[in-house]
Amino acid sequence: MEQPLTHWRRLVNPMYLGAYSLMDGDTPHDLTVKITKVVREQVKGEGGKSEECPVAYLENQKPLILNRTNCKTIESLYRTPYTEKWVGCLITLFVSETKVAGNKVDCLRIRAVKPQIAATVTLDVTKEIGQINACTELSQLAVLYTSFSKELQHNAQIIASKDAMKATLTPQA
């Protein structure tokens with residue numbers, strides 16, 4: 001049995017995900033991850049140049065530096081330009097190519113389709129349901145619901161609780 005090959009960049013232990021992170025020898029694979037936060041931070045490039053960049057922190061993975069292309073893909077997938085609403089969203093990364101200074105280089109891109117959540121994944125929405133049930137006005141309910149991530153807004157338990165509370169708070173004619 002052939003031993004897996006190690007990309008040289010894995011040996012320098014960079015702080016961020018790169019295309020080499022998704023390589024099994026010469027074969028790239030997709031990686032589906034959940035965004036836990038998005039921030040702007042100082043990032044040092046290979047040449048030592050420091051630059052402020054948007055960075056997505058991912059559940060159980062190294063962070064991902066977000067370029068404009070990947071930000072636009074997330075915005076399109078989840079229909080919001082607001083990075084705070086990307087928290088909890090799933091994205092699928094894949095290896096692609098781009099040109100830098102006239103040379104083709106590998107890069108990470110985000111697939112333009114929403115990953116399917118496995119049936120075995122169950123979100124604990126107890127806290128959010130408690131927040132919904134504590135609402136005393138429709139406007140408060142609306143503000144709360146829109147503050148949830150897209151993943152929570154599409155959760156069946158959240159939708160049922162929101163609709164039940166909406167019916168309770170709606171004045172009867």
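Strands S6 and S7 form a hairpin with 2 residues between them. Ala101 sits in the turn and has a positive phi of about 50°. S6 covers residues 90-100 and S7 covers residues 103-110. The two strands run antiparallel, and 8 bridges join them. Strands count as paired if DSSP finds at least two bridges between them.

The model is predicted, so local features need pLDDT of at least 70 and side-chain atom pairs count only at pLDDT 80 or more, while totals for chains, interfaces and linings use all residues. Residues are numbered from 1 along each chain as its sequence is written, and side-chain values use heavy atoms, with hydrogens and water left out.

Now step back to the whole protein. It holds 6 helices and 7 strands. Both are DSSP runs, numbered from the N terminus: helices are H or I with at least four residues, strands are E with at least two. Along the sequence the pattern reads α-β-β-β-β-β-α-β-β-α-α-α-α. Buried residues make up 36% of the 173 residues. Here buried means under 20% relative accessible area, exposed means over 50%, and partly exposed lies in between (1.4 Å probe, protein chains only). The accessible surface comes to about 11500 Å². Carbon and sulfur atoms account for 53% of that surface. These areas come from the Shrake-Rupley method with a 1.4 Å probe, and for residues only the protein chains shown count as cover.

Contacts tell how the chain folds back on itself. A contact means heavy atoms within 4.5 Å. Take the contacts in the protein with a separation of 6 or more: 53% of them involve residues 24 or more positions apart.

Leu90 counts as buried, because its relative accessibility is 15%. Glu151 is 61 residues away from Leu90 along the chain, yet their C-alpha atoms are separated by 8.2 Å. Ser96 is also placed in S6. Ser96 is partly exposed, with a relative accessible area of 24%. Its C-alpha atom is 6.4 Å from that of Arg109, 13 residues apart along the chain. Leaving aside neighbours within four places in sequence, Ser96 is in contact with Val105, Asp106, Cys107 and Arg109.

Charged side chains come next. Side chains of opposite charge can pair when their charged atoms come close. A salt bridge is a side-chain nitrogen of Lys or Arg within 4 Å of a carboxyl oxygen of Asp or Glu. How many salt bridges does the whole structure hold? A search finds 4.

One of them joins Arg111 to Asp30, with the closest N and O atoms 2.7 Å apart. Arg111 lies in the loop between S7 and H3, and Asp30 lies in the loop between strand S2 (27-28) and strand S3 (31-44), so the pair ties together parts that are 81 residues apart in sequence. Arg111 is partly exposed at 31% relative accessibility. Asp30 is partly exposed too, at 38%.

Another salt bridge joins Arg40 to Glu52, the closest N and O atoms being 2.9 Å apart. Arg40 belongs to strand S3 and Glu52 to strand S4 (residues 50-58), 12 residues apart. Arg40 is exposed at 55% relative accessibility, whereas Glu52 is partly exposed at 43%.

Lys104 and Glu97 also form a salt bridge, and their closest N and O atoms are 3.9 Å apart. Lys104 is exposed, with a relative accessible area of 61%. Glu97 is partly exposed at 48%.

Glu128 has no such partner. This residue lies in helix H3 (residues 126-133). Glu128 is buried yet has no salt bridge. Lys127 is the nearest side chain of opposite charge, 4.6 Å away. In this count Lys and Arg are positive and Asp and Glu negative, with His and the chain ends not counted. Not counting residues up to four places away in sequence, Glu128 touches Phe148, Leu152 and Ile158.

Last, the cysteines. A disulfide is a covalent bond between the sulfur atoms of two cysteines. The cut-off used is a pair of cysteine sulfur atoms within 2.5 Å. The structure holds 0 disulfides. Cys53 is buried, with a relative accessible area of 11%. Cys89 is buried as well, at 1%.
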